[in-house]
Amino acid sequence: MTEEFESRIEALRAEIKEHNYRYYILDDPAIPDTEYDRLLHELKRLEEKLGEPVPADSPTQTVGAPISTTFTAREHGMPLLSLADIFDSSDVHDYDRRIHQLLEDKPCTYIAEPKIDGLAINLRYVEGHLDVAATRGDGRVGEDVTGNVRTIADIPWRLKGDCPPLLEVRGEVYIPKRAFEELNSLQQQNEKKVFANPRNAAAGSLRQIDPRVTAKRPLHFFAYGVGLGGEGLAQTQYQLLEWLKRAGFPVQDVAVLEDADALLDHYRHMLEIRPHLDYEIDGVVYKVNELSLHRLLGERSRSPRWAIAHKFPAEEAQTSVLDIEFQVGRTGALTPVARLEPVSVGGVTVSNATLHNMDEIRRKDVRVGDSVMVRRAGDVIPEVVRVLPELRPRDARTVVLPSICPECGSAVIQSEEEAVARCSGGLFCKAQVKEAIKHFSSRRAMDIDGLGSKLVEQMVDQHVIRHVDDLYRLNKEQVAGLERMGERSAKNLLRAIEDSKQTTLERFVYALGVREVGEATAVSLARHFGTLEHIMQASEEELQNAPEVGPVVASHVVTFFAQPHNREVIAHLLEAGISWPDVEPDTSNNRLFGHTYVITGALSNFSRSEAKQELEALGARVSASVSAKTTAVIAGENPGSKLDKAQQLAVPVLSEGDLQSLLKGSSLI
């Protein structure tokens, strides 16, 4: 057993040292804080069980990591120690009990300070002027980042009022939440590495070789204590913070508390307001308020006895992706959802997390089998924050967007303008059916009076109807049996459904809920094609000859009517008796149907968009490129390469005067 302990201890020491190096030197942690805490606590527990002297270089005895050779080493006047962590209410009571035992029941109070998730800095002031700024480093020696720190507006170059000839001020450099998001967005735009969290963003920003880079980063600072030279400035930690404030430093709001119960009440309060702060905190630091008692309580090798950090439940945790499935929303949007190995995040067990869309999956490179970081803040749906590629197994599986809807089998479509992929089976897909029925029955569509949203949801939930065509098979007994629907209400609703059968083609087309087909587009389609059959059979090119219909709308229309399920529901609706007066196609202004034009150069009497609209109103198609099928190129002043292409292909070229004649009725081509 002793050999097993020793083997595990050595493995843990090596692993934690590597993580310290990545965290403190590279600013690129491989694991979340919670996993690091777990490893450190396991090592501490095993060292205690082994019962042998612990080496001075064990991670349980040291702070941070050896400093980088990139920066000049600076020794702190007093060690800049770390804090021991506690995690639950019993730990708080134990801490309070230990303090009183060590003080032999001398009276004391506590001060509770938010624990900022940033980078610890030691600032040395000589005669009130900022002399040296250094990172924590290994607690004894840090990295000289004076030039970079001077770019932080919160840190005074000269202290206000009287101050000791030599004074070390300790505090935390951080980046506000919104600024962190903007910084990462900028990093993405510039195709640079994004930061894992605000702490790493702050550390990476402060540890730049060029201070001009640091100056562009939104760094801020809070002071929380003093080191060498701070003796006699105050009698309590609260008074010390007030002194630091007067000297010109920003400090956080704190609370002076009496006992463990008060500490826990304050902790719960901070946990509640945490989402509303504009900077990240990951816990609350409890300190004995009376500074004279700090000397009595003393220090351990890596942390003081008079202070401790009560950590919040992790809002991020590491887990693995078991599978990635696609859920279909009420508008047909397909959302990828990661099925996770269950993990506790923020005090809640999480087994699913959203991945938003395929662009997000590609950007984060999430694969089935990956180890990932999951975040949950407040009531927000858990999301996969980032992948841990160094832990990726060889058989990790790439995610592919399904070509058919997992709910109804209809084709999945995705336009170039949209990140979201959607199911095209709007009338049939059970994930979309409620919204399809609500739209179908709305006032501007089929106008079924009395069929409100709640009634639609009740009918679908109770399986009274499954699709829109089921509305026309309802009987009085089915409707009267619904909640808040008596015999008279049922009779009125059935009459409204019957009345809706007499409609217009444009209303019916709009009611179908084809994506991007609004009322104006439905009118255009109805008037241009005259019959539903012609609309359903039209190609994308033919559809674009109708006013108001561009390539995106045409694609949605073709895809919608290509789905057998949608055609089946439409057939049932027509069989139920829905009809409309015949529509004579409007061909009076369709004399350029089948012609394709390209516009190049500046026009005197039209903008190019106006010329395009005039041509399309006559049934023509206006293209952005010249081909052998182009009817003619309309050339204004300073035409571009399109004119050269037309001449190469022997495509006719028209002047602006020719265009005006064409629009007035002349047949030039």
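**Strands, a helix face and aromatic pairs**

Me: In strand E9, which residue is the bridge partner of Tyr110?

Reply: The partner of Tyr110 is Leu257. The model is a predicted one, in which local features need pLDDT of at least 70 and side-chain atom pairs pLDDT 80 or more, whereas totals for chains, interfaces and linings use all residues. Residues are numbered from 1 along each chain as its sequence is written, and side-chain values use heavy atoms, with hydrogens and water left out.

Me: What makes strands E3 and E9 a pair?

Reply: Two strands pair if DSSP finds at least two bridges between them. E3 (residues 110-116) and E9 (residues 255-257) are joined by three bridges and run antiparallel, so they qualify as a pair. Strand E10 (residues 281-288) is also antiparallel to E3, with six bridges; Glu113 has Val285 as its partner there. Strands (E, at least two residues) and helices (H or I, at least four) are DSSP runs, numbered from the N terminus.

Me: Why is E3 described as largely enclosed by the rest of the structure?

Reply: Seven of the seven residues of E3 are buried, so the strand is largely enclosed. Buried means under 20% relative accessible area (exposed is over 50%, partly exposed in between; 1.4 Å probe, protein chains only).

Me: What makes E22 and E24 the edge strands of their sheet?

Reply: The open sheet has four strands in the order E22-E21-E23-E24, with parallel pairing. E22 (621-623) and E24 (653-654) each pair on one side only. E21 (residues 596-600) pairs with E22 over three bridges, and Thr596 has Arg621 as its bridge partner in E22. Helix H22 (residues 608-617) packs on this sheet, touching E21, E22 and E23 (632-635) (contact: heavy atoms within 4.5 Å). The direction of H22 makes about 170° with that of E21, on a scale of 0 to 180 degrees between N-to-C directions of axes fitted to C-alpha atoms, for helices over the stretch in contact.

Me: How do you know that the buried residues of helix H24 line one face?

Reply: The buried residues of H24 (residues 656-664) are Glu656, Leu659, Leu662 and Leu663. Seen down the helix axis they fall within an arc of 110°, so they line one face; the arc is that of the directions from the axis to the C-beta atoms. Their cover includes E21, H22, E23 and E24.

Me: Why is the pair of Tyr174 and Phe222 called stacked?

Reply: Rings of Phe, Tyr and Trp (its six-membered ring) pair if their centres lie within 6.5 Å; planes under 30 degrees apart count as stacked, over 60 as edge-to-face and the rest as tilted. Tyr174 and Phe222 lie 5.2 Å centre to centre with 10° between the planes, so the pair is stacked. Tyr174 lies in strand E7 (residues 166-174) and Phe222 in strand E8 (residues 220-226), so the pair ties together parts 48 residues apart in sequence.

Me: Why is the pair of Tyr267 and Phe312 called tilted?

Reply: The ring centres are 5.3 Å apart and the planes of Tyr267 and Phe312 stand at 50°, so the pair is tilted. Tyr267 lies in helix H9 (residues 260-273), and Phe312 in the loop between strands E11 (307-311) and E12 (316-328), 45 residues apart.

Me: How do you know that Tyr267 is buried?

Reply: Tyr267 has a relative accessibility of 8%, so it counts as buried. Phe312, at 7%, is buried as well.
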